[in-house]
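This report is meant for a reader who is meeting the structure for the first time. Please keep the sequence and the model in view while reading.

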Amino acid sequence: MVRLIYQLSELDSSFVSQAGGKGASLGELMRAQAPVPPGFVVTSSAFRTYFSSEQIQRPVLETIQALKAGQIDLSLAHQRIKSCIEAVELPVELCEAVQKAADQLAVPRVSVRSSATCEDSATSAWAGQLETFLNVSPAEIIEKIRSCWLSLFSESALSYGGHHGFSTGEISVAVVVQQMVGSEISGIGFSVHPVTQEPGIQLIEACLGQGEAIVSGRITPDQFIVERGSHRILESITGNQKEALWIREGTSKPVWQKLDGRGSQPKITLQQVAEYSNLLHRLQTHYGHPIDTEWAIQDGNFQVLQARPITTLAAEYDKKLIDDSQGWQFTVRRPFFLLAASILPYWLDAKHADNTLGGHLNEALLIQDETGLMNLFYPHASSEAFFERIGDLFQNNREQLIRILRYGLAIYAQAPPVIEQGLSGFENFTELEDLFADIAQHTTVFPAWVLIYIEAHQIDDPEVRSLAEQIRSHSLYPVIERNILQPLAFQTAEQLGFTEPDRSCELILWSELKAGTVTCELLESRYEAIREGKRFIFQVINGQETFHLVSQTGYLLTRLAKQRKLQACTDSNELTGQVAWPGIFQGRARVVLSLDALGQTISPDEILVSIQSNPALMPLLQQCGAIVTDDGGIACHAAILARELKKPTLIGTREATLRIQTGDLIEIDTYAQVVRILEKQQS
């Protein structure tokens, strides 16, 4: 016999197929002794029974197939399915079972929420795609259940399901009915920061009124960065909330209302932050994995409304991939392949760099980002030593400073003929390494630091500036790569019988070439990894190398920059925002002010600029190259969907749609936490 109703107290996380992601999670929360409003679930079996009728199943599946084949658009598909469902009454036995469960619950108002069987999983959140109704009277529950079922076939849900590979006919929807919580204050809590992915850092956000205000992206909430375990608040900002969502008598949807000065005040106390941090810590321990929660406060007490896996963490998020005890300082971002990148620490090590730079770089960290470029970090102490050395030369030995610069300029006359000979011009790897180091410190590092010092101290020395600028206007790296490194890697790979020797520069470390430890098996395994989209992390500390190929690196770059919250911005051609997904992307802006995609188009080389990225914009979110929004916090729909789609996204810029016009050339750079307006569209 088909089970139509479960009490939440009967469920746990194993009931996803019957109660959906949300229902199963609420049952599991009860098992974890979290404060959860009581309620029941109308099962997915009830949904399937209803849809198995000949009047519904055949026309719905035919419509889905027509949509997949491109014969109809999302709008027409939704309308056909809607008409079909509204024409068929719900079974009497279901109505009776729901009435009995509602009588047992015995509360004046409930919330009615969709709970898809694929929702709130470890791979997809379905954020905002399915319907929720609040402040529903017991007499209205049946009507709202059918509306929840129908929301599986909304335009945005059909689009989202297609992106995730779901055929909508293959999933089903349970419905959660719970005692209504009239939220005075609401919020979210991530047990692991979803952007920097720091295992020991929690993110808690809070707002006045209903929590939908946060996920909609329409407000900027209060935000707290909390240390897991100790519950110590590391960073916080108070959002200037100008409006809130409140439940009004007789409505099943919350209503926006302007706020007075309350919106600029802290929404919860520090004691409440610590209380919820402790609850988050306990819940993650219970679940055994990081979770994303929704909560509300009523009569001074927390109620947990939802918990689900954080869907976007890297497979390696909690592994110690780098040693961050050095105090890494970002230096440059360059298009270096792995072989060239792995030489860098040895160009400026103790063997080569002491005399010229006044310090050496026996430590370096290199991280490849999602664009394939290498991000180079050196320790703060090394950078400070270089700066001090340049200052000492300016003040006490300017003649030596001039000599070093002239030596660097002379390299451009002496080195090219040697490099042009290729591998035949060198007897061994040591000769190669010595030449590279000479070029690196005298044509790149030293003159660069001279120019940095001149700018920082406003030094008026035309001769020194001119010499440094002449040196920096050239580069021997492309010639070195083309004439030496690429042939060396190709030759090695070809001799080993590797099938793709042209790709070998992306797969080999300099130290492996020197030691002769490169094998065909090593090349094949690394090649397979980069074909899967993996990126490299290479670190050298005191001559000891560590190397990883990992699924994500953007979160590490964001973590190193400590980009957990909004930053101030002073450049008139830049807007600052909060990172929802890391990356760099340049393209023309497409400003979309409406809350749905109807009649809108966008291309993959364009950046979507919107007030808030409502789930109804899903077709545009899927197509665009990057996303910028005016409003929102880390838990808004735009942020969640951006993390699933893995598109560079800055949210909460406050004024992107005011300052950017369609056609403007802009660049989103999450590592600098800015959107740059590079070129205004000519009107």
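Helix H2 (residues 44–51) is largely enclosed by the rest of the structure, because 6 of its 8 residues are buried. The buried residues of H2 are Ser44, Ser45, Ala46, Phe47, Tyr50 and Phe51. Here buried means under 20% relative accessible area, exposed means over 50%, and partly exposed lies in between, with a 1.4 Å probe and protein chains only. Helices (H or I, at least four residues) and strands (E, at least two) are DSSP runs that are numbered from the N terminus.

The model is predicted, so local features need pLDDT of at least 70 and side-chain atom pairs count only at pLDDT 80 or more, while totals for chains, interfaces and linings use all residues. Residues are numbered from 1 along each chain as its sequence is written, and side-chain values use heavy atoms, with hydrogens and water left out.

**Salt bridges**

Side chains of opposite charge can pair when their charged atoms come close. A search of the whole structure finds 26 salt bridges, a salt bridge being a side-chain nitrogen of Lys or Arg within 4 Å of a carboxyl oxygen of Asp or Glu. Three of these pairs are set out in the table.

| Pair | Closest N and O atoms |
|---|---|
| Arg308 and Glu294 | 3.8 Å |
| Glu463 and Arg406 | 3.1 Å |

Arg308 forms its salt bridge with Glu294, and because Arg308 lies in strand E13 (residues 301–309) and Glu294 in strand E12 (residues 291–298), the pair ties together parts that are 14 residues apart in sequence. Arg308 counts as buried, at 8% relative accessibility.

Glu463 forms a salt bridge with Arg406, and since Glu463 belongs to helix H15 (residues 462–472) and Arg406 to helix H13 (residues 398–420), this pair ties together parts that are 57 residues apart in sequence. Glu463 counts as partly exposed at 33% relative accessibility, and Arg406 counts as partly exposed at 48%. Salt bridges that share partners join Arg398, Arg406, Asp461 and Glu463 into one network.

Ser572 is placed in the loop between helix H19 (554–560) and strand E19 (574–576), where Ser572 counts as exposed at 57% relative accessibility.

**A patch of negative charge**

Which residues gather in a patch of negative charge on the surface? They are Glu494, Glu500, Asp502, Glu521, Glu524, Glu528 and Glu532. Such patches are made of residues with over 30% relative accessible area and no salt bridge, like charges being joined within 9 Å and nonpolar side chains (Val, Leu, Ile, Met, Phe, Trp, Tyr) within 5 Å. Helix H18 (residues 520–531) gives the largest share of the negative patch, 3 residues. Glu532 is found in the loop between H18 and strand E17 (535–541), and Glu532 is exposed, with a relative accessible area of 52%.

**Cysteines**

The structure holds 0 disulfides, a disulfide being a pair of cysteine sulfur atoms within 2.5 Å. Cys520 is in no disulfide, and the nearest cysteine sulfur, that of Cys505, is 16 Å away. Cys520 is buried with a relative accessible area of 17%, and Cys148 is buried with a relative accessible area of 0%.

**Positive phi values**

Most residues other than glycine have a negative phi. Asn135, which is not a glycine, has a positive phi of about 60 degrees. Asn135 has its place in strand E4 (residues 132–136) and is buried, with a relative accessible area of 8%. Gln673, again a residue other than glycine, has a positive phi near 60 degrees. The loop between strand E25 (665–669) and strand E26 (674–679) holds Gln673, and Gln673 counts as buried at 3% relative accessibility.

How values were computed
Accessible areas come from the Shrake-Rupley method with a 1.4 Å probe; for residues, only the protein chains shown count as cover. Lys and Arg count as positive and Asp and Glu as negative; His and the chain ends are not counted. The place of a charge is taken as NZ of Lys, CZ of Arg, CG of Asp or CD of Glu.
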